[in-house]
Amino acid sequence: MTVPVIELVDVVRTYPGEPPINALDGVTLSISAREMIAIIGPSGSGKSTLLNIMGTLDRSSSGSVRIDGVDIVELTERQLCGVRATRLGFVFQSFHLIETATVVENVANGLLYQGLSRRSRNLRALDALELVGLGDRASTKPPKLSGGQRQRVAIARAIVAKPSLILADEPTGNLDSRTSADILALLDDLNRVHDATIAVITHDNDVADRFQRCIRMRDGKIENQAHTGGVSS
Amino acid sequence: MTVLTPDGLQAQVVMGRSRIRPSDRVRTGLGGLASRPTRTVLTAMGIAIGIASMVTVVGISASSKADLLAELDKLGTNLLQVRPGQSLLGESSQLPIEAEPMISEVGTVTDTAGITAIDTDVSRNIYDSTPNGLDVVATDGHLDDILQLEPKYGRLIDEQTQTLPVAVLGSVAGERLIINTIDGGPTVAIGGRAFQVIGILRPHPLHPDLDRSVLIGSDFATNVMGTDPNHTAIYVRVSPDRIEDTRPVLARSANPAASSEVDVSRPSDALEAQAKVDQNLQSLLLALGGVALLVGGVGIANIMVISVIERRGEIGLRRALGATRGHIRSQFVIEASALAVLGGVIGLGIGMGATWVYATSQGWVIAVPYRALGLGVIGALAIGALAGLYPASKAARLDPAEAVRPHG
């Protein structure tokens, strides 16, 4: 039996207020290596909070969060940064590309905080760009790319460090349906062929239905976890 | 780090560290500037103006001083002037007739020349009685050597001409008598006699009083005009390393009976004092430049705060990629410092250009104040770093989860 990539046990995240708001209320969840899951729920259901806690961008109020078996509650702020630099990859709805840097530089930024040399970062970035089908656009700058291509660059940046877990927050939220399908197919390919573990947050049922496992959130709790059988392209 | 696997085994997990190479740290800091070139240059201008004004002030002052010192060097600081002072009763005293020969006996004295101010008027002609504030001074043929007087036109009083009714005009005297050339043999009237002008002097920085004088031969003055032969000033060159020792000796030699009634001064002191006055003015102008620098620093801080707000997404992304708060802080401090250094370098260029133009227009030697230039760049760097501290810590404190959230 292997250690889950990420394991949340009875995680609570409370925001102060009158009365205090439980954005997450006793969430228990485990994702194994090479799994591809969707987290779905309406606005305010706590899915973004869940992603932030899984991504160590936020800390839980109680409960334990283990990444590769290590309880991150015990880690210092600096160690958490190390976890993000080496074990987690992020894909955001709004891409967050640096417009004045080239595509390869944007992807290489995924390794910037690992202390690698510029040369080795760029070499690995080129490999990652090949994987997402943008090997020929390395020296282009983001303003010259389409939305789908921009999201591919962001995905390349997320996978370049070969993280244990890729967290994607509404990765198709800014894309048309055809480009969305392409991006989902790319994520599926990364999962099946390259063994990437991926968690995608979405509010779109059609998107969620294409994943092996779908976690439905409501009012800070997991409503149900369904195995749907995987992505269909 | 040791973890317990679900099957009860202990496993060693190495969690990676977040670190960035120093070269990447700098590159990341500079990247923000390169992406907004217009804003970068405009913001840097505040510092540039401050540094430019400071460098110009220091540069012009240093060039002026260098020129003054070069002038002093040329004229020599080993020239002393002996004049009659006042008696104990407050009356004007006189130098004895034998004062000059006595002074030339002093071992450290290398050369002497005396002048005698004559109490008479000088005018363009005998019918002109307009007051002009000019003095008439009798001199022998030796004065030009010791004071390094140079004729702008014509010649000076020498052994031959000092017995003749000829005059040499100081630079100001020439202007006031409206005689700009010796062509055509101009004359002036001194004490009702006509004197032919044989030369006009160049301005002399150590002896502005001679610029306002008309020089005539001492033999002519004594023998023909019957003036008092006692010198009213004796110029003395002494060994350069014995100036201070010689000063009291000169007073005693000039008038052994009443040495306290003799004034001994050094004309170059006045020029040195002028250089010091310039330094006071320089400090004031430097302080003004400093204020401009501070204003530039506030401008940088202001723009950096705006930049942090605008780049919330980028900061969130970097935090998600593993940047620590320290990495973000240093990125913005480097950016602010680079902005200020850019301003500093532009300011140096403008300041040196302005110094060059001004010094050249004045015919000065151009002195490059390297120390001021170095201090200017270091000062700009320090102001930039200080200006960047607040926005940088604001950026570092941003909540990463909040920062990556889509805007609006």
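Mentor: In chain B, strand β5 (residues 122-123) and strand β9 (residues 187-190) run antiparallel and are joined by two bridges. Two strands pair if DSSP finds at least two bridges between them. Strands here are DSSP runs of E of at least two residues, helices are runs of H or I of at least four, and both are numbered from the N terminus. This is a predicted model, in which local features need pLDDT of at least 70 and side-chain atom pairs count only at pLDDT 80 or more, while totals for chains, interfaces and linings use all residues. Residues are numbered from 1 along each chain as its sequence is written, and chains are lettered from A and ligands numbered from 1 in the order in which they are written.

Trainee: Which residue is the bridge partner of Val122(B) in β9(B)?

Mentor: That partner is Ile190(B). β9(B) is also joined by four bridges to strand β10 (residues 193-201) of chain B, again antiparallel. There, Thr187(B) stands opposite Gln196(B).

Trainee: Which residue takes a positive phi in the hairpin of β9(B) and β10(B)?

Mentor: Gly191(B) does, with phi near 55 degrees; two residues lie between the strands.

Trainee: How is the length of a helix judged?

Mentor: The expected span is 1.5 Å times one less than the number of residues. Helix α11 (residues 325-362) of chain B has 38 residues and reaches 55 Å from its first C-alpha to its last, close to the expected 56 Å. Just after α11(B), Gly363(B) takes a positive phi of about 70 degrees.

Trainee: Is Ala372(B) buried or exposed?

Mentor: A residue is buried if 20 or more other C-beta atoms lie within 10 Å of its own, exposed if 12 or fewer, and partly exposed in between, with C-beta atoms placed from the backbone. Ala372(B) is buried because 20 other C-beta atoms lie within 10 Å. Ala372(B) belongs to helix α12 (residues 370-397) of chain B. Leaving aside residues up to four places away in sequence, Ala372(B) touches Val55(B) and Val58(B); contact requires C-beta atoms, placed from the backbone, within 7 Å.

Trainee: How many residues of chain A are in contact with chain B?

Mentor: In chain A, 32 residues are in contact with 30 residues of chain B. Helix α2 (residues 77-87) of chain A gives the most to the chain A side, with nine residues.

Trainee: What is the domain assignment of chain B?

Mentor: Domain bounds come from an automatic or database domain assignment. For chain B, the assignment gives domain 1 (21-71 + 272-403) and domain 2 (79-266). Their centres, taken over C-alpha atoms, are separated by 55 Å.

Note on methods
Contact = placed C-beta atoms within 7 Å.
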